Amino acid sequence: MTTEKFETEIITLKTFYELYCKDKHQNLVQRVENLEYKDSKFRLELNLCQDCYNIIKYSIDKLEVCPHEIKPRCRTCPSPCYGKQEWKEAARVMKYSAIKLSLGKIKSRVMNIFGSTKQ
């Protein structure tokens with residue numbers, strides 16, 4: 001996988017996990033993860049509870065060792081690397097955050113439509 005794809009993946013994970021954790025949990029802690037992938041270094045600032053941090057750390061660890069040059073979506077991967085329980089946890093977070101982000105975009109569009117008709 002390219003370093004650009006890796007960066008996109010970790011930013012997506014960060015966005016989804018932070019949204020989920022902020023809505024569902026308390027005791028969020030600011031942490032900094034320094035990651036290396038191929039010849040690149042990444043600094044990832046996370047604001048998560050301990051449980052969500054453990055799950056995202058697991059996801060990042062798996063992402064760093066993904067054997068596919070062109071990374072497939074994890075749910076369609078021919079050689080899945082997640083454990084069953086970890087997969088369920090990650091899927092729950094991703095589903096919740098994807099729905100929440102989609103609803104936010106729809107709300108924003110509706111507000112723009114109605115806001116632009118008023119003068």
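The model is a predicted one, and every value below was computed from it. The protein chain holds three helices and two strands, which follow one another along the sequence in the pattern α-β-β-α-α. Of its 119 residues, 30% count as buried, and among contacts between residues at least 6 apart in sequence, 62% join residues at least 24 apart.

**The hairpin**

- Strand S1, which covers residues 29-37, and strand S2, which covers residues 40-48, pair in the antiparallel sense, and nine bridges connect them.
- Within this pairing, Leu35 stands opposite Phe42, the latter being a residue of S2.
- The two strands form a hairpin with two residues between them, and Lys38, which is found in the loop between S1 and S2, belongs to that turn.
- The backbone of Lys38 has a positive phi of about 55°, although the residue is not a glycine.

**The loop between H1 and S1**

- Helix H1 spans residues 3-24, and the loop between this helix and S1 contains Asn27, as well as His25.
- Asn27 has a phi near 60°, which is a positive value in a residue other than glycine.
- With a relative accessible area of 68%, Asn27 is exposed, because the cut-off for that class is over 50%.
- His25 has a relative accessible area of 30% and is therefore partly exposed, a class that lies between the limits of 20% and 50%.
- Leaving out residues up to four places away in sequence, His25 touches Tyr20, Cys49 and Cys52.
- The C-alpha atoms of His25 and Leu48 are separated by 8.5 Å, while the two residues are 23 residues apart along the chain.

**Ser97 in helix H3**

- Ser97 is located in helix H3, and its relative accessibility of 0% means that it counts as buried, since that class requires a value under 20%.
- A polar atom of the Ser97 side chain lies 2.7 Å from the backbone oxygen of Phe16.
- When neighbours within four places in sequence are left aside, Ser97 is in contact with Phe16, Leu19 and Tyr20.

**The largest pocket**

- The largest pocket has a volume of about 760 Å³, and its lining is made up of 28 residues.
- Of these lining residues, Lys71, Arg73, Cys74, Arg75 and Trp87 lie nearest the centre of the pocket.
- Three helices, namely H1, helix H2 (50-64) and helix H3 (84-117), each supply at least two residues of the lining.
- Sorted by class, the lining of the largest pocket has 17 nonpolar residues, four polar residues and seven charged residues.

Definitions and conventions: Residues numbered from 1 in each chain as written. Predicted model: local features only at pLDDT ≥ 70, side-chain atom pairs only at ≥ 80, totals over all residues. Heavy atoms only, no water. Pairing = 2+ DSSP bridges. Helix = DSSP H or I, 4+ residues; strand = E, 2+ residues; numbered from the N terminus. Buried < 20%, exposed > 50% of the residue type's maximum accessible area, 1.4 Å probe, protein only. 1 Å grid on protein atoms, 1.4 Å probe; cavity = no way out; pocket = protein on both sides within 12 Å on 5 of 7 lines; lining within 4 Å. Points joined across faces, edges and corners; volume = space filled by probe spheres on them. Nonpolar A, V, L, I, M, F, W, Y, C, P; charged D, E, K, R; others polar. Polar contact = N/O pair within 3.5 Å; in protein donor to acceptor, adjacent residues only side chain to side chain. Contact = heavy atoms within 4.5 Å.
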